[in-house]
Amino acid sequence: MKIAVIIVTWNASQILSEVLDALARQTLMPARVFIIDNGSQDLDALSKIIAGYPFCELRGLGVNRGFAAANNLGFEQCSDFEYVALLNPDAVPDPEWLFQLASAAKAYPDCASFASRLLDYSNPQILDGVGDYLTCWGKPGRIGKGEHEQGQFGQTVEVFSPCAAAALYAREKVVECGGFDEDYFCYVEDVDLGFRLRLAGHHCRYIPEAVVYHIGSGSTGGQHGDFAVYHGHRNLVWTYVKDMPGVLFWLFIPLHLVMNLAVLAMFTWRGQGKVIVRAKWDAIKGLPKMWRKRQLVQSTRIATVRVIWRLMDKQIIPAR
């Protein structure tokens, strides 16, 4: 099986070499690695690094178009590949990573995506996630993040969606669903895509043998920085509006609103009031556009509400 790998970079030259070294050691080598650069200031350094890896191809966009748009361009370049793996420039794969994902794709041809076992780069005894969850009121997150590694996620199971930091996708199914939503720029775009794949009737499985060591938010100021807070909390509103089907949308909209108000209070107390207010205000301003997208998404839905409900995290505040 020939698999292409897409790596989206932004000022990542200091950490990319280790990732490319890890790809060069794969027991199943990627047929091609497409590196899509979002207008990095260190593009010259990046070019010199990539020149040492003949299986890599660099495309510089000149400006930062965001994680979603850059990956969509990568999927366009991968038209000859049935499967495409996404890998962040701060995610170092185990030598068996791609082989295990390819084996899973053969074993589960009904799946549109596969999630990796993410471990904390600085402390591999701590999990960074084994796929993404979504609560019934619209909060996304990574399953098992922060837990001590004790073999508790050692089985191949169905999960809501993969974390795009290290995941395998069936290219044609992603393209049919419209790819990543470029209005998101970055953050939650993988959950949104995973949700739409689910609504289209596709499946996602977590593959515990596909191990990746993840630094996390290496170039965006950390998961609690203003950049991540803004995009994450704007985009989770849009995901709820676009993707939550029928009766679940109306049933949980009061809880969605209450929890968003609670988030506003919490981040204001933390000293990030301006950024969270801007995130929610911009989410509201984008609702007409997202509602139009919702009409298209829901009109083509195949999965039943019962199926989507079964896949969701029912806890109001997840214990994970």
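In the predicted model, aspartate 183 and lysine 289 form a salt bridge in which the closest N and O atoms are 3.0 Å apart. Aspartate 183 belongs to the loop between H5 and H6 and lysine 289 to helix H10, so this pair ties together parts of the chain separated by 106 residues in sequence. Aspartate 183 counts as partly exposed because its relative accessibility is 26%, and lysine 289, at 39%, also counts as partly exposed. Both residues take part in a network of salt bridges that links Asp181, Asp183, Asp192, Arg196, Lys242, Lys289 and Lys293.

The structure holds 12 salt bridges. Among them is the pair of glutamate 57 and arginine 32, whose closest N and O atoms are 3.6 Å apart. This pair links distant parts of the chain, with glutamate 57 in strand E3 (residues 56-60) and arginine 32 in strand E2 (residues 32-37), 25 residues apart. Glutamate 57 is partly exposed at 33% relative accessibility, as is arginine 32 at 25%. A further salt bridge joins the side chains of lysine 285 and aspartate 282, at 3.4 Å from N to O. Here both partners lie in helix H9 (residues 273-285), three residues apart, or about one turn of the helix. Residues three or four places apart in an α-helix point the same way because there are 3.6 residues a turn. Lysine 285 is exposed, with a relative accessible area of 53%, whereas aspartate 282 counts as buried at 18%.

The second largest pocket has a volume of about 340 Å³. Of the 16 residues in its lining, Cys177, Gly178, Arg196, Leu296 and Val297 are the closest to the centre. Helices H6 (189-199) and H10 (287-299) each supply at least two lining residues, and the largest share, three residues, comes from H10. By class, the lining comprises seven nonpolar, three polar and six charged residues.

Arginine 196 lies 9.1 Å from valine 174, C-alpha to C-alpha, although the two are 22 residues apart in sequence. Valine 174 is located in helix H5 (residues 171-176) and counts as buried, with a relative accessibility of 1%. Beyond residues up to four places away in sequence, valine 174 touches Phe75, Tyr169, Gly179, Leu193 and Leu197.

Phe75 is one of the buried residues of H3. This helix (residues 66-77) contains 12 residues and reaches 17 Å from its first C-alpha to its last, close to the expected 16 Å. H3 is mostly covered, with 10 of its 12 residues buried.

Methods
Residues numbered from 1 in each chain as written. Predicted model: local features only at pLDDT ≥ 70, side-chain atom pairs only at ≥ 80, totals over all residues. Heavy atoms only, no water. Helix = DSSP H or I, 4+ residues; strand = E, 2+ residues; numbered from the N terminus. Expected span 1.5 Å × (residues − 1). Buried < 20%, exposed > 50% of the residue type's maximum accessible area, 1.4 Å probe, protein only. 1 Å grid on protein atoms, 1.4 Å probe; cavity = no way out; pocket = protein on both sides within 12 Å on 5 of 7 lines; lining within 4 Å. Points joined across faces, edges and corners; volume = space filled by probe spheres on them. Nonpolar A, V, L, I, M, F, W, Y, C, P; charged D, E, K, R; others polar. Contact = heavy atoms within 4.5 Å. Salt bridge = Lys/Arg side-chain N within 4 Å of Asp/Glu carboxyl O.
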